[in-house]
Amino acid sequence: MHRIAVFSLYDERGIVDDYVIFLLEKLREFVERIVVVSNGDLTKHSEVAVEKVCDQLLIRENEGFDVGGYKAGMEAIGFDALSEYDELILLNDTCYGPIFPFSEMFSEMEGRNCDFWGSSAHREMTPNPFTGTGYLPWHLQTYFVAMRKDMLKSRAFKRYWENLPEVKTYTDAVLLHESQFTKHFTDLGYSAEAYVDPDDYGSHYPAFINVDETIINRFPLLKRRLFFHDPTFLEHNPVDLPRALRILKETSDYDVNLIWRNVLRTSELRNLNTNAALMSVLPDIRTKDDDAAADYGKVAVCAHIYYTDMLDEMLDLTGNIPVPYDFIATTNTPEKKAEIEAILAKRPGVKKVIVRVVEQNRGRDMSSLFITFRDLFIDDRYDLVCRLHTKKSPQVQASRGNLFKRHVLDNLLNTSGYVHNVLDMFHDNPSIGVAVPPMIHISYPTMGHVWFANRPKVEETARLLKIDVKFDDTTPVAAYGTMFWFRPRALRKLFEHKWKWEDFNAEPHHVDGGLAHALERLIAYTAQDAGYTTQHIVCAHQAAHNYAMLEFKMQKLVGALPFNDFQRHYELLSAWKNAGYPLGASAMQMPAMQTPATLTSVKSSLAELSFAIKSSLKFRAPMLFKILRPIYRGIRAVLKPNSRRNGG
């Protein structure tokens, strides 16, 4: 066909990533002319890159979202000129692709007898989810829609765009254009077809909700929003992006690094890691054949050894590294240095030993990494490093400290086969920059609160280092315990800065809010800023223990709430939080590490239970709620801190 395309794009930083360039290059095989409309200025590099793959680049103000870009592009071409083509394609930058050849979709749709078509459609919904009233009509989704000659030549097509209402919000774009375009023209007698039709998948939005099934059916486009959308939506529907990515890897030759390079710039890391399930449960036996190539580059263990009595335990685990490695270490006295060197001299598998004495112990393992060993990681002499330290955690109960230590070390170095799988993972996935154990949550109150007092210092440090990423609201992705595998180039900004010992808290004040704890939470975001993912890695027995305990804790919490799904539970608890935790504020204000069951905490727990029961009755059994209200008020008087009964 004689085709023309208008491509609408927007990036808040003016960057056009490689996935866009690749998409336009592949589109060129089916389109004679491409007009790109940028809703906002572009960087010089991006402008040059786009101009190479299009016939005309139009840069305009960011007005009207993608529909505004489409309209501007068509006006620049001219409606009379458009009518000379067999097909006009309007598409935007909200998809990756083609993950399968465009020829398959174009060939199929050329055989359809229709006036316009789209890559996918959205099912009719009642009520309209955007308004709560009326209905949302069946419509072609306008991220990729094609109009044919009869429609392009019609006066109705030109009038539609001339009379299009002003689009000021995303909701406007849906309600005023996307959901109305198809109905408007089918009501006029034009016929529409969809390559991906909701009736074939059983959901209202198959290109998103049934992404794994559409990839099985070789749909060439993958929605970007799948990676950074609120995981609550993906959980509720449910959307299986991890399966989609596995199928893509097995059936497509699309370079997934195009995805990671783009999505890392624009995502909150916790959402990305959740939606794409960036967690690997690795077996203790190597999954590749033992004869498979093992060219991992130069590998090192980098350890801070304050407690020398733990060195043999550490070396037993590093002995699981299946290739020769350098062992570089810091400690705090010359005597310990001599002891460490003597022990290492007897260990097989270690190629080169470097042991340095830190000038000060301020900042402990964090300062020793980024100050004492700065020179070793700033010049790319190592390809992959395992960062360790002798972790005793004397500030907490011994069993808790030992559990944390096992959680970290087992998930980094469990067996020789396990470590082989870790190294293979880095080798096969160049986008991975850091590998960390999952967040510790057994016996630690980390979930939902693990910024603790560190976020202001993290944000301050990020500004200092020009790390420009979005931070997660409550639970950062981090190398908790500060032991992890990493590519030095992924953390280049942390090593480039010339830290001073005085930047770190003096002993014994190694506390939240200081630089050491801030750097612990900045590691994954530094890698993200550099264009690398952070992969969680976990061995089988740790996965079993952590999942079983996580499931137990989750069901205990949910069991104290009115019956509903996760989304409603979250909405209920968010409303409770925004209201100031009525009936339970004291429990929510406990010090982070306080665990003894005091009378106050018991009262607070009972108050929370009372609140949940009251909420359930109020909405599900209002008559019973009225009858029991006096009893509820009596309970509240007993449990509420500073109640009138106590003279408050």
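In this predicted model, Arg 265 and Asp 17 form a salt bridge whose closest N and O atoms are 2.7 Å apart. Arg 265 belongs to helix 14 (residues 257–266), while Asp 17 sits in the loop between strand 1 (3–9) and helix 1 (18–27), so the bridge ties together parts that are 248 residues apart in sequence. Arg 265 counts as buried because its relative accessibility is 15%, and the cut-off for buried is under 20%. Asp 17 is also buried, with a relative accessible area of 11%.

The structure holds 33 salt bridges. Another of them joins the side chains of Arg 364 and Glu 507, at 2.8 Å from N to O. Arg 364 lies in helix 18 (residues 364–372) and Glu 507 in the loop between helix 23 (492–496) and helix 24 (515–529), so this pair connects parts that are 143 residues apart in sequence. Arg 364 is partly exposed, with a relative accessible area of 30%, and Glu 507 is partly exposed at 33%.

Glu 108 and Arg 112 meet through their side chains in a salt bridge of 2.9 Å, N to O. Glu 108 is partly exposed at 36% relative accessibility, and Arg 112 is partly exposed at 21%. Separately, a network of salt bridges links Arg 3, Glu 87, Glu 110 and Arg 148.

| Salt bridge | N to O distance |
|---|---|
| Arg 265 – Asp 17 | 2.7 Å |
| Arg 364 – Glu 507 | 2.8 Å |
| Glu 108 – Arg 112 | 2.9 Å |

Eight strands form an open sheet in the order 11-18-16-17-15-12-13-14, and their pairing is mixed. Strand 11 (279–282) and strand 14 (350–357) are the edge strands, each pairing on one side only. From one strand to the next, the twist averages 20°. Helix 16 (residues 311–318) packs on this sheet and touches strand 12 (299–304), strand 13 (325–331) and strand 15 (384–389). The direction of helix 16 makes about 160° with that of strand 13.

Within the sheet, strand 16 (residues 432–436) and strand 17 (residues 484–486) run antiparallel and are joined by two bridges. Ala 435 has Trp 485 of strand 17 as its bridge partner.

On the surface, Phe 65, Phe 130 and Tyr 170 form a nonpolar patch, with about 300 Å² of accessible area together. Of these residues, Tyr 170 lies in helix 8 (residues 170–187).

Note on methods
Residues numbered from 1 in each chain as written. Predicted model: local features only at pLDDT ≥ 70, side-chain atom pairs only at ≥ 80, totals over all residues. Heavy atoms only, no water. Patch = residues over 30% accessible without salt bridge, like charges linked within 9 Å, V, L, I, M, F, W, Y side chains within 5 Å. Areas by Shrake-Rupley, 256 points an atom, 1.4 Å probe, with all protein chains shown as cover. Salt bridge = Lys/Arg side-chain N within 4 Å of Asp/Glu carboxyl O. Helix = DSSP H or I, 4+ residues; strand = E, 2+ residues; numbered from the N terminus. Pairing = 2+ DSSP bridges. Axes fitted to C-alpha atoms, helices over the stretch in contact; angles between N-to-C directions. Contact = heavy atoms within 4.5 Å. Buried < 20%, exposed > 50% of the residue type's maximum accessible area, 1.4 Å probe, protein only.
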